[in-house]
Structure formats: C-alpha cells, structure tokens
Amino acid sequence: MKILVFSDSHTNSVKMLDILSLQKKETPMVLHLGDCIGDAEFLSKQFPNVTVHSVCGNCDYSMGNDIEKTILVGGKKILITHGHKYYVKMDYNRIVYAALEKEVDICLFGHTHIPTLFYEQGIVFMNPGSIAQPRSQEYPSYGVL
C-alpha cells in the first residue's frame, strides 16, 4: 500500500491535488500533518475513494480537530502529529519519547518545513517537509510510505 504524507500546505492545495491526481490509482490513503487542515478536507472531497487522515497544526488555531492521532495501517501503529507540541524545531527528544510512550512503529510530523527521515529505538520518524513553503531546499516536498 502506498501512503502519501503531506504537511504545511498553508492553503496551497494545488500541488497536493496534482500529485494525488497522478498517483490516485495506487494511493488509497493520504496523511496530512497540519497547517491548513482545510487543504486535507479539500483533498478528501476531490478524491472520495481515498482515505484522508489529518491533524491540526499550530496555524489551524480553532479548527476543533485533533492535534495528533494514532492509526493502524497494515499492522503498523502510526502516530501522526504536526510536531509543534513537541518543539521539533528545537530537537527531537520530546517526539521520540512520545513515540516510545505510545509504542508506535512510525511517527510522522511536520512543522519545520524541512524533510527529515531517521530511525531511533525501533521507530521510523519522518517529516515530509512542506508541500508549499520549503525551507531547506528549493523544491516543495512530501513523503511516501
């Protein structure tokens, strides 16, 4: 199963729409890690056959949605969060401890706009970067599980 992971779209859903349009046949699920949860809702309406899970980010103020979720996919427990609650711009210690505490296999987060992938204490950690406002590279980025 292919899962697309987006974060920090900041009302720029066009790139996500283009990517999903090209890959919709082999992509049954999208995870959106916040900072414009409305973009995730837009994708869900455009692609009703694709399951979309999303969480709120620090710019999603009073959207009323969760700021983190744990989902089970293909026998793997996945934590999805924006990351601001764990101060991921400072270091990854808090998010690593949270993932260990929740006993997840994969932890996905955003907030920094910088793509990151690492493996620690048996857990895969990934930040897909920003699909709209990249900070460490020239091009927008997203993740694939």
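User: In which sense do E4 and E5 pair, and over how many bridges?

Analyst: This is a predicted model, in which local features need pLDDT of at least 70 and side-chain atom pairs count only at pLDDT 80 or more, while totals for chains, interfaces and linings use all residues. Residues are numbered from 1 along each chain as its sequence is written, and side-chain values use heavy atoms, with hydrogens and water left out. Strands (E, at least two residues) and helices (H or I, at least four) are DSSP runs numbered from the N terminus, and two strands pair if DSSP finds at least two bridges between them. For E4 and E5 the sense is antiparallel, and the number of bridges is six.

User: Which residue in E5 is the bridge partner of Ile71?

Analyst: Strands of a sheet pair through backbone hydrogen bonds, either parallel or antiparallel. In E5, the bridge partner of Ile71 is Ile78.

User: Which strands stand at the edges of the sheet?

Analyst: The open sheet has five strands in the order E4-E5-E6-E8-E7, with mixed pairing. An edge strand here has a single partner strand, so one side of it is left without a neighbour in the sheet; the strands in that position are E4 (68–73) and E7.

User: Which residues of H3 are buried, and why do they line one face of the helix?

Analyst: Buried means under 20% relative accessible area, exposed over 50%, and partly exposed in between, with a 1.4 Å probe and protein chains only. In H3 (residues 93–102) the buried residues are Ile95, Val96, Ala98 and Ala99. Seen down the axis of H3, they line one face because they fall within an arc, taken from the directions from the helix axis to the C-beta atoms, of 160 degrees.

User: Which residues are exposed on the other side of H3?

Analyst: The buried residues of H3 pack, by contact of heavy atoms within 4.5 Å, against strands E5 (76–81), E6 (106–108), E7 (116–120) and E8 (123–127). On the other side of H3, the exposed residues are Tyr97 and Glu101.

User: Is His32 buried or exposed?

Analyst: His32 lies in strand E2 (residues 29–32). With a relative accessible area of 0%, His32 is buried.

User: Which side chain does His32 join in a polar contact of 2.9 Å?

Analyst: A polar contact is a pair of N or O atoms within 3.5 Å; within protein, one must be able to donate a hydrogen and the other to accept it, and residues adjacent in sequence count only if both atoms are side-chain atoms. The partner of His32 at 2.9 Å is the side chain of Ser9.
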